[in-house]
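Reader: Before I set anything up, I would like to go through this model with you, element by element. Could you begin with what is on display?

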Amino acid sequence: VMDTSTHFMLVNLEHGNTPELKRWLIEHHGILIRDASNFRGLDNHCFRVTARTPEEDDQLVEAIKGYLKSLDH
């Protein structure tokens with residue numbers, strides 16, 4: 001996660017890619033992220049999320065961990 005002074009967070013994936021992650025999160029968790037690959041200077045490893053409640057943020061983190069684990073199989 002890159003430094004920010006807003007409630008938006010820009011994230012750069014080291015593994016996988018944003019279109020796959022976006023599809024996976026919607027299909028498995030009903031969570032939608034903003035694909036940031038069309039932002040100037042970014043690629044298909046970048047996405048943006050908005051800070052929500054602590055519980056929702058925890059759900060997102062756990063869901064992303066699940067996606068990353070799914071890449072190992």
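Author: A salt bridge is taken here as a side-chain nitrogen of Lys or Arg within 4 Å of a carboxyl oxygen of Asp or Glu. The model is a predicted one, and by this rule the count comes to 2 salt bridges.

Reader: With which residue does Glu 56 form a salt bridge?

Author: The closest N and O atoms of the pair are 3.3 Å apart, which is to be read against the cut-off of 4 Å.

Reader: Which residue forms a salt bridge with Lys 65, and how many residues apart do the two lie?

Author: The partner is Glu 62, and the closest N and O atoms are 3.4 Å apart. Lys 65 is partly exposed with a relative accessible area of 45%, and Glu 62 likewise counts as partly exposed, at 49%. An α-helix has 3.6 residues a turn, so residues three or four places apart point the same way. Lys 65 and Glu 62 both lie in helix H2, about one turn of the helix apart, and their separation is 3 residues.

Reader: What length does helix H2 reach from its first C-alpha to its last?

Author: Helix H2 covers residues 54–71, which gives it 18 residues. At 1.5 Å a residue the expected span is 26 Å, and the helix comes close to it, reaching 26 Å.

Reader: Which residues of H2 are buried, and what do they pack against?

Author: The buried residues of H2 are Leu 60, Ala 63, Ile 64 and Tyr 67. Seen down the axis of H2, these buried residues fall within an arc of 100°, so they line one face of the helix. On the other side of H2, the exposed residues are Pro 54, Glu 55, Asp 58 and Lys 69. The buried residues of H2 pack against helix H1 (18–29) and strand S3 (46–50).

Reader: Turning to H1, which of its residues are buried, and which elements do they pack against?

Author: Helix H1 has 12 residues and reaches 15 Å from its first C-alpha to its last, close to the 16 Å expected at 1.5 Å a residue. Its buried residues are Thr 18, Leu 21, Trp 24 and Leu 25. Seen down the axis of H1, they fall within an arc of 125°, so they line one face of the helix. The elements that the buried residues of H1 pack against are strand S2 (34–35), S3 and H2.

Reader: Is Thr 18 buried or exposed?

Author: Thr 18 is found in helix H1, and, setting aside residues up to four places away in sequence, it touches Leu 13, Ile 33, Asp 35, Asn 44, His 45, Cys 46 and Phe 47. With a relative accessible area of 0%, judged against a limit of under 20%, Thr 18 is buried.

Reader: How far apart in space are Cys 46 and Asn 17, C-alpha to C-alpha?

Author: Cys 46 has its place in strand S3 and is buried, with a relative accessible area of 4%. Leaving aside neighbours within four places in sequence, Cys 46 is in contact with Leu 10, Val 11, Asn 12, Thr 18, Asp 35, Ala 36 and Ser 37. Cys 46 and Asn 17 are 29 residues apart in sequence, and their C-alpha to C-alpha distance in space is 7.8 Å.

Reader: Which element supplies the largest share of the lining of the second largest pocket?

Author: The second largest pocket has a volume of about 190 Å³, and its lining includes Arg 52 and Glu 56, together with Val 49, Thr 50 and Leu 60. At least two residues of this lining come from each of S3 and H2. The largest share, 4 residues, is supplied by H2.

Technical notes
Residues numbered from 1 in each chain as written. Predicted model: local features only at pLDDT ≥ 70, side-chain atom pairs only at ≥ 80, totals over all residues. Heavy atoms only, no water. Expected span 1.5 Å × (residues − 1). Buried < 20%, exposed > 50% of the residue type's maximum accessible area, 1.4 Å probe, protein only. Arc of directions from axis to C-beta. Contact = heavy atoms within 4.5 Å. 1 Å grid on protein atoms, 1.4 Å probe; cavity = no way out; pocket = protein on both sides within 12 Å on 5 of 7 lines; lining within 4 Å. Points joined across faces, edges and corners; volume = space filled by probe spheres on them.
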